[in-house]
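Have the viewer open while you read.

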Amino acid sequence: MKLDILAIAAHPDDVEMSCAGTLLAATAVGKKIGVVDLTRGELGTRGTPETRAAEAAEASQILGLSVRENLGLPDGFFRNDREHQLPIIAALRRHRPDVVLCNAITDRHPDHGRAAQLITDACFLAGLRMIETLDEAGQPQAAWRPVHVYHFIQDRPIVPDFVVDITPHWEKKWASILAYKTQFFNPDLDAPSTYLSSLEFSKFMEARAREFGHMIGVEFGEGFTKQQTLGVRELGDLI
């Protein structure tokens, strides 16, 4: 399936926390969107890979994704090398997105910054026809390079290069986050407390979205960075 936007992230729930509103906004105007999770989040303190998979499936329904895949790379131990680039290259060629959204360039969790560079490099390499990958039927895949790669902002404060207004989609974004019942604040769950599971972190996620929204004069926003300079065709494209 040809996708307009593909979000690729280190862990199930990274996308929901960081760019779900942007995906919902794209869906609202008829774009096809998908998610590729690199790992199963198997090193997480709460839940299991199986519960994370079920939670990701529920969140996918809320977000109206056309496709969601998990590449099963090793949580905490994937590297930016050929072994781990090739599955991402194959996914990019399979879905042929024009835009890729991926992890923050640097963050509290070391997987996030490492994934950002891994995904960025894979996006470039996917356009080299001399790199061979096969589809599910064992046939050679055509080279494909996304037009744009943007990095969503996660835990650590980063000044965004642009902010997407997600105000009309805030409630659905929040519902997609709450689909991860084992990961975030849930007083009914008997499980060890973590950084993400505190009530304070939930308040922080809302505050961050309000902060980004405030930057552009709306209620809620999601911020992104880009390694290259952003351009507009005319000033009317700006909010």
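Does Arg96 count as buried, exposed or partly exposed? At 36% relative accessibility, Arg96 counts as partly exposed (buried is under 20% relative accessible area, exposed over 50%, partly exposed in between, with a 1.4 Å probe and protein chains only).

Some housekeeping: this is a predicted model, where local features need pLDDT of at least 70, side-chain atom pairs count only at pLDDT 80 or more, and totals for chains, interfaces and linings use all residues. Numbering runs from 1 along each chain as its sequence is written, and side-chain values use heavy atoms, with hydrogens and water left out.

Most residues other than glycine have a negative phi.

Helices (H or I, at least four residues) and strands (E, at least two) are DSSP runs, numbered from the N terminus. Asp13 counts as buried, at 3% relative accessibility.

Now the pockets (open sets of points on a 1 Å grid over the protein atoms alone, where a 1.4 Å probe fits, with protein on both sides within 12 Å along at least five of seven lines; lining residues have an atom within 4 Å of a point). The second largest pocket holds about 630 Å³. Among its 33 lining residues, Asp13, Asp14, Met17, His112 and Leu196 sit closest to its centre. Helix H6 (199-215) gives the most to that lining, 6 residues. The largest pocket has a volume of about 840 Å³ and 23 lining residues, with strand E6 (162-165) supplying the largest share, 4 residues.

Terms used: Grid points are joined across faces, edges and corners, and a volume is the space filled by probe spheres set on the points.
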